[in-house]
Amino acid sequence: MFAIVVVLALIVLVPLFVERVDQWSGWKSGEWAAAGAWIGGIGATTAVIVALWQTKLARSDAAEANSRLDHQLQTASRLEQIKTIPPIWDAIRTLSTPTTNLIIAFSKMNERINDRDAAEEDLTRADFEIVHNTANIWKETFTAVESSFSPALMIIEEEKTRIIIATLYQRVIKLHMIAITALKGFPEWERCDPKEIQREYERVNAMRTPVVNTVRKHLMEIPPLTSLVEDFTDEDLTKATTYAAKRQ
């Protein structure tokens with residue numbers, strides 16, 4: 001558009017300029033024809049340069065806009081992936097009390113087996129109720145825990161984060177297998193070690209820090225909190241304290 005305006009301006013202004021110069025130059029028509037050709041060439045060249053410059057600016061603006069759009073889309077995608085992780089830990093936390101109660105029930109069941117064995121008596125249905133009721137609650141809670149992994153396993157695309165979440169899922173499944181194996185053993189009077197369930201549940205919880213650090217480093221692309229603390233110098237602390245005092 002700007003190039004068109006320049007060309008039109010030259011068309012209007014050049015004849016006026018020639019008319020004025022003609023009054024004092026004394027040039028002949030042939031000489032003016034040559035001068036007109038030169039001026040026309042300069043005008044055309046200027047118009048081409050301006051058009052190329054505008055094209056370059058337009059491409060630069062388009063590239064910048066595309067870059068901003070890509071960044072916004074990537075940020076939105078990362079946020080959606082991050083949102084799938086907290087529900088996993090919320091579900092695992094709800095498993096704490098049922099797991100503790102299940103361990104207590106297993107311990108009581110082992111004692112009951114020892115007592116029946118010493119008295120040379122068979123286990124009764126009432127004996128199994130100690131574990132049965134607690135186990136049902138644990139199974140229901142575990143179902144919710146397992147379901148909480150589905151969104152994360154489906155949505156998360158970042159490789160390192162996907163691997164750490166899959167590893168956590170495998171730990172949770174192993175906890176389930178240990179508990180189910182123990183439950184199947186009781187009808188055959190097989191004693192189980194409830195501490196094994198406790199140890200596996202602690203391994204599941206121990207993965208919280210590795211998961212958080214992995215998410216921060218690879219999905220959020222910011223360093224772990226520990227590294228941020230290590231990089232925080234005494235000078236930074238003084239500045240922060242001074243700033244906080246001024247804000248009060």
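How far apart should the ends of the 13 residues of helix H8 lie at 1.5 Å a residue, and how far apart are its end C-alpha atoms? This is a predicted model, in which local features need pLDDT of at least 70, side-chain atom pairs count only at pLDDT 80 or more, and totals for chains, interfaces and linings use all residues. Residues are numbered from 1 along each chain as its sequence is written, and side-chain values use heavy atoms, with hydrogens and water left out.

**View 1. Helix H8, residues 194-206.** Helices are DSSP runs (H or I, at least four residues), numbered from the N terminus; the expected span is 1.5 Å times one less than the number of residues. Pro194, Ile197, Glu200, Tyr201 and Val204 of H8 are buried (under 20% relative accessible area, 1.4 Å probe, protein chains only). These residues cover an arc of only 120° around the axis, which puts them on the same side of H8. The arc is taken from the directions from the helix axis to the C-beta atoms.

**View 2. H3 against H8.** The two helices pack at an angle of about 155°, with their axes 11 Å apart. That makes H3 roughly antiparallel to H8 (angles over 145 degrees). Trp89, Ile92 and Arg93 of H3 make the contact with Tyr201, Val204 and Asn205 of H8 (heavy atoms within 4.5 Å).

**View 3. Ser148 in helix H5, residues 125-148.** Ser148 counts as buried at 10% relative accessibility. Leaving aside neighbours within four places in sequence, Ser148 is in contact with Thr84, Pro87, Ile88 and Ala91.

Technical notes. Buried < 20%, exposed > 50% of the residue type's maximum accessible area, 1.4 Å probe, protein only. Axes fitted to C-alpha atoms, helices over the stretch in contact; angles between N-to-C directions. Parallel < 35°, antiparallel > 145°, perpendicular 65-115°, else oblique.
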